[in-house]
Amino acid sequence: WQDDIQPKRSITLGEEQVLRFHGNRSHSDHFKLLDMNGNSILIGARNIVYNLSLDEMTENREQRVEWYPSDHHRDTCLVKGKSENDCQNYIRVLARVSDEEMLICGTNAYNPLCRRYVTNGTVLQVQREYSGKGMSPYNPNHNSTAVFSDGELYAGTVSDFSGLDPLIYKNPLKTEQYDFKQLNAPNFVSSVAE
């Protein structure tokens, strides 16, 4: 595995340039496709959920969700030896609970958090914030997956700061901690609802 490889964000077909989206060019965003709905996609990134039009690959800025870690969480992350880049909130989980409600979870400076957002038309407001441990990874580089089905979030991620204890989670159930008979070094890449 090569860590420093940059993903290809555009291709050229003859002389015609294909539309592309760069995100923030000053740092790595660790993009993750979270949701595809009709003609738009929601991309999780560093402190942001981008809402992109598939037609023009342009961002709908009115529907952008920005969520930065608190100073306390960022400072605690730095004290634990992580870099400023690591101590951000990389959005890794998004689930549409209903037409008016979304669940969003992020790494939150190595202290995973989730939020329930409600909308009253076009404005998203935080309804509730709670621990995201077991639902979101601590590190944006950890492979994880989550799917929302039948009113429940199912997640495959890690349960600790070190990333050494994988788990499958559905509140209140989860796999046993450090039981390698249940999960032995899995690499969670995707999930689907039946």
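Val49 touches Leu34, Leu42, Ile43, Gln63, Arg64, Val65, Ile91, Leu94 and Ile104, leaving aside residues up to four places away in sequence. A contact here means heavy atoms within 4.5 Å. The model is a predicted one, in which local features need pLDDT of at least 70 and side-chain atom pairs count only at pLDDT 80 or more, while totals for chains, interfaces and linings use all residues. Residues are numbered from 1 along each chain as its sequence is written, and side-chain values use heavy atoms, with hydrogens and water left out.

## The nonpolar cores

Val49 belongs to the largest nonpolar core, which has 11 residues in all. Its other members include Leu34, Leu42, Val65, Trp67, Ile91 and Leu94. Met102, Ile104, Leu113 and Tyr117 are also among them. A nonpolar core is a set of buried Ala, Val, Leu, Ile, Met, Phe, Trp, Tyr and Cys residues joined through side-chain atoms within 4.5 Å. Buried means under 20% relative accessible area, exposed means over 50%, and partly exposed lies in between (1.4 Å probe, protein chains only). Strand S7 (91-98), strand S8 (101-106) and strand S9 (113-119) are the elements that give two or more residues to this core. A second, separate core has 10 residues, including Val93, Leu103, Met135 and Leu153. In soluble globular proteins, nonpolar side chains tend to be buried together.

## The sheet from S3 to S6

Strands and helices are DSSP runs numbered from the N terminus; a helix (H or I) has at least four residues and a strand (E) at least two. An open sheet of four strands has the order S3-S4-S5-S6, and its pairing is antiparallel. Strand S3 (32-37) and S6 stand at the edges with a single partner strand each, so one side of each has no neighbour in the sheet. Two strands count as paired if DSSP finds at least two bridges between them. S5 and S6 pair in the antiparallel sense over two bridges, and Glu66 in S6 is the bridge partner of Ile48.

The loop between strand S5 (48-53) and strand S6 (65-66) holds Glu59. Glu59 counts as buried because its relative accessibility is 19%. The side chain of Glu59 makes a polar contact with the side chain of Arg64 at 2.7 Å. A polar contact is a pair of N or O atoms within 3.5 Å; within protein, one must be able to donate a hydrogen and the other to accept it, and residues adjacent in sequence count only if both atoms are side-chain atoms. Arg64 is also one of the residues that Val49 touches.

## The sheet from S11 to S14

Four strands form another open sheet, in the order S11-S12-S13-S14, with antiparallel pairing. Strand S11 (145-149) and strand S14 (173-174) are the edge strands, each pairing on one side only. S11 and strand S12 (residues 152-158) pair over five bridges in the antiparallel sense, and Thr145 stands opposite Gly156 in S12. The hairpin of S11 and S12 has two residues between the strands, and in it Asp150 takes a positive phi near 50°. Four bridges join S12 to strand S13 (residues 166-170), and these two strands run antiparallel. Ala155 stands opposite Tyr169 in S13. Because five of the seven residues of S12 are buried, this strand is largely enclosed by the rest of the structure.

## The disulfides

The structure holds two disulfides, a disulfide being a pair of cysteine sulfur atoms within 2.5 Å.

| Pair | S to S distance | Torsion about the S-S bond |
|---|---|---|
| Cys77 and Cys87 | 2.0 Å | about -80° |
| Cys105 and Cys114 | 2.0 Å | 105° |

The disulfide of Cys77 and Cys87 is left-handed, whereas the link of Cys105 and Cys114 is right-handed. Cys77 lies in helix H1 (residues 71-79) and Cys87 in the loop between H1 and S7, so this pair ties together parts that are 10 residues apart in sequence. Both Cys77 and Cys87 are buried, and both Cys105 and Cys114 are buried. With the bonded cysteines numbered in sequence order, the pairing is 1-2, 3-4.

## The protein as a whole

The protein has one helix and 14 strands. Of its 194 residues, 39% count as buried. Among contacts between residues at least 6 apart in sequence, 34% join residues at least 24 apart. The accessible surface comes to about 11,800 Å², of which 47% belongs to carbon and sulfur atoms; accessible areas come from the Shrake-Rupley method with a 1.4 Å probe, and for residues only the protein chains shown count as cover.
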